[in-house]
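Take a walk through this protein with the sequence and the 3D view side by side. The tour begins at a metal site and then moves on to helix packing and single residues.

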Amino acid sequence: MTYAGNGIGITRGVAIGPAHILQRDQLEISPRTIEQDQVQAETERFRQAVNNARERLQGIRRKIPESTRSDIIEFIDTHLLMMNDAALVEVPIDLISRHSYAAEWALQLQRDALVQVFNTMDDPYLRTRRDDVEHVVNQIQKALLELDEEAEEELAGKVILAQDLTPADTILMRHQGIAAFITEFGGPMSHTAILARSLGIPAVVGVHSITRILRHGEQVVVDGEQGVVLADADPATLTHYARRMDSAEQRQIRLRSLIGQPATTREGTRIQLMANIELPEDIQATRELQADAVGLYRTEFLYMNREGTPDEEEHYQTYRQVVEGLDGIPITIRTLDLGADKQVDGCTASSCNPALGLRAIRLCLKEPKMFQPQIRAILRAAAHGPVRIMIPMLSNLQEIRRLKQIVTDTRAQLEAEGVAHDGDIPIGGMIEVPAAALAADAFSRELDFFSIGTNDLIQYTLAIDRVDDEVNYLYDPLHPSILRLIQMVIEAGRKAGIPVSMCGEMAGDPRYIPLLLGMGLREFSMQPGSLLLAKESLLQLDAGKLARQTRKLMKHLADPQHEEMLRKICHLH
Ligand code: PEP
Ligand code: MG
């Protein structure tokens with residue numbers, strides 16, 4: 001057996017399967033000419049490569065189930081259309097016949113010309129087109145170089161190895177039935193990681209050089225809990241992991257017996273267990289697991305794997321389907337949180353330091369043309385069920401006031417137009433910037449509820465990029481500064497009489513639930529897959545006793561003994 005590496009495990013599961021190394025690098029194409037009498041054959045070779053690339057893509061398209069979001073399908077359809085486009089097919093053929101260029105070189109020259117044109121344009125939509133051109137050209141080049149054999153392989157059951165993956169890649173590959181993925185970079189709080197957890201894909205991130213250590217087709221064991229990657233496992237190891245997969249299944253069956261039972265602590269405190277959702281399949285899970293509400297609906301995913309931006313009608317139809325699909329379960333829709341690690345094509349975002357730049361509410365207030373359709377759609381969807389609206393990345397009161405003004409104006413507009421809506425919906429804010437936590441008392445006067453976003457709150461407080469695995473060891477939800485900020489927010493909410501929930505990953509981690517409960521948190525929002533585990537742990541806890549322990553802990557945060565107290569509360573060993 002070979003120990004292949006370890007990184008950060010981001011999903012509880014284990015998977016065993018053959019490695020598939022995802023090649024994303026630009027292919028090296030050198031200038032090359034052919035003999036005049038080969039022009040005909042070269043043209044034919046090029047046409048054949050385009051056909052092969054098209055057939056491969058059509059194969060992927062066919063495997064995507066009907067229920068898949070239309071934007072993912074459109075993304076593939078666009079590329080299929082481009083494979084018929086004269087600019088990518090006829091122009092290279094012309095270059096082959098006029099200059100006797102080899103097909104690869106002719107295609108590369110045309111790619112350079114097109115990319116150069118796009119680069120001179122500022123329009124973000126055209127920038128998306130440039131990426132599409134790159135992608136399609138790459139596919140044809142691979143077909144020409146006959147590298148597409150490996151790409152044609154089925155991804156079903158494979159363990160994907162890549163330098164990094166975007167959230168969009170993750171969604172697409174999930175539909176292709178991958179068993180697990182391993183990346184060289186990325187942190188556990190990145191959106192790709194959050195998505196993998198929510199989709200239940202076992203995954204390990206931050207395994208340096210893994211794409212060079214492992215070979216294509218080699219059998220790999222991925223332990224998403226311990227963050228371990230093994231290759232060529234011996235039979236005893238394979239049996240061990242197969243048993244673990246089995247006992248995880250048994251545990252899941254036991255957990256499912258908790259469905260329908262209210263989440264109540266030992267002494268009878270009722271806790272709200274809510275779901276974080278983003279993809280259509282999460283709605284089904286939320287209903288099945290009988291979550292009390294959806295505490296966070298991330299809407300950025302509407303923007304991925306597509307060209308352009310969704311219009312009001314698309315926003316509306318999507319939200320309406322979600323609200324109706326939830327069948328009376330209340331939902332908190334978060335307004336767009338684009339930027340930072342949720343970059344999508346076709347959207348301006350500052351490049352120097354995206355996490356601190358034009359992101360989330362900042363971007364939305366700057367781009368009303370992009371934002372207003374979403375607000376209109378949310379108010380319209382609210383006519384179909386209980387909806388709340390939530391603002392991400394608030395850092396000052398001005399942002400709240402401007403958002404509220406937009407909501408008021410939008411309501412008036414809809415009223416004047418006679419469009420069905422519910423304008424009277426609660427407006428809450430995410431507390432995920434330290435400034436917002438420190439000013440939570442002031443914010444509480446202007447908002448109807450708070451939701452603590454620990455993923456970002458920890459990133460900003462501890463000054464560590466959540467997607468950078470090099471500083472991941474500093475990511476500490478139990479840092480005294482984080483505990484103080486969380487406590488401040490819960491206190492401010494309690495004093496103002498507004499609900500406080502937590503929707504960062506910390507809320508769904510059974511290790512931290514006793515502490516949060518002791519701090520007075522009563523609403524926990526997490527990916528659906530964590531709901532039953534959280535319930536199991538809540539059923540065994542005593543909120544009164546934990547409150548006493550936690551009060552003492554908070555008083556002693558400056559003393560070294562606080563670590564021992566923390567261990568006791570969180571049962572950390
Ligand atoms: C958070 O920051 O904790 C959060 C829930 O939002 P996101 O992970 O989408 O940034
Ligand atoms: Mg956040």
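A residue is called buried when its relative accessible area is under 20%, exposed when that area is over 50%, and partly exposed in between, using a 1.4 Å probe and protein chains only. This is a predicted model, in which local features need pLDDT of at least 70 and side-chain atom pairs count only at pLDDT 80 or more, while totals for chains, interfaces and linings use all residues. Residues are numbered from 1 along each chain as its sequence is written, chains are lettered from A and ligands numbered from 1 in the order in which they are written, and side-chain values use heavy atoms, with hydrogens and water left out.

Start at the magnesium ion, ligand 2. Its protein donors are Glu432 (OE) and Asp456 (OD), at 2.0 to 2.1 Å. Donors are N, O and S atoms within 2.8 Å of the metal (3.2 Å for Na, K and Ca); water is not among the atoms, so sites may look incomplete. Helices (H or I, at least four residues) and strands (E, at least two) are DSSP runs, numbered from the N terminus. Are these two residues buried or exposed? Both glutamate 432 and aspartate 456 are buried.

Stay with helix 18. Seven of its eight residues are buried. They are Thr454, Asn455, Asp456, Leu457, Ile458, Gln459 and Tyr460. What covers them? The cover includes helix 8 (191-199), helix 16, strand 14 (449-452), helix 19 (480-496) and strand 15 (500-502). Just after helix 18, alanine 463 takes a positive phi of about 55°.

Most residues other than glycine have a negative phi, and most peptide bonds are trans. Alanine 360 has a positive phi, near 50°. Alanine 360 lies in helix 13 (residues 360-366), and is buried, with a relative accessible area of 1%. Glutamine 290 also has a positive phi, about 55°, although it is not a glycine. Glutamine 290 lies in the loop between helix 11 and strand 10 (293-297). Its relative accessibility is 46%, so glutamine 290 counts as partly exposed.

Now turn to helix pairs. Two packed helices are described by the angle between their axes and the distance between the axes. Axes are lines fitted to C-alpha atoms, for helices over the stretch in contact, and angles run from 0 to 180 degrees between N-to-C directions.

Helix 11 (residues 280-288) packs on helix 12 (residues 312-326) at about 20°, with the axes 9 Å apart. That makes helix 11 roughly parallel to helix 12. Angles under 35 degrees count as roughly parallel, over 145 as roughly antiparallel, 65 to 115 as roughly perpendicular and the rest as oblique. Which residues meet here? Ile283, Thr286 and Arg287 in helix 11 meet Val322, Gly325 and Leu326 in helix 12. The contact divides into three nonpolar, two polar and one charged residue. Ala, Val, Leu, Ile, Met, Phe, Trp, Tyr, Cys and Pro count as nonpolar, Asp, Glu, Lys and Arg as charged, and the others, Gly among them, as polar.

Helix 3 (residues 86-99) and helix 4 (residues 103-119) pack at about 125°, with axes 8 Å apart. Helix 3 and helix 4 are therefore oblique to each other. From helix 3, Ala87, Leu88, Val91, Pro92, Leu95 and Ile96 meet Ala103, Ala106, Leu107, Leu109, Gln110 and Leu114 in helix 4. By class, this contact has eleven nonpolar residues, one polar and no charged.

Threonine 43 lies in helix 1 (residues 39-63). At 13% relative accessibility, threonine 43 counts as buried. Beyond its neighbours within four places in sequence, threonine 43 is in contact with Ile93 and Ile96. Contact means heavy atoms within 4.5 Å.

End with glycine 7, in the loop between strand 1 (2-6) and strand 2 (8-9). Its relative accessibility is 22%, so glycine 7 counts as partly exposed. Leaving out residues up to four places away in sequence, glycine 7 touches Val204, Val205, Gly206, Val207, Gln226 and Gly227.
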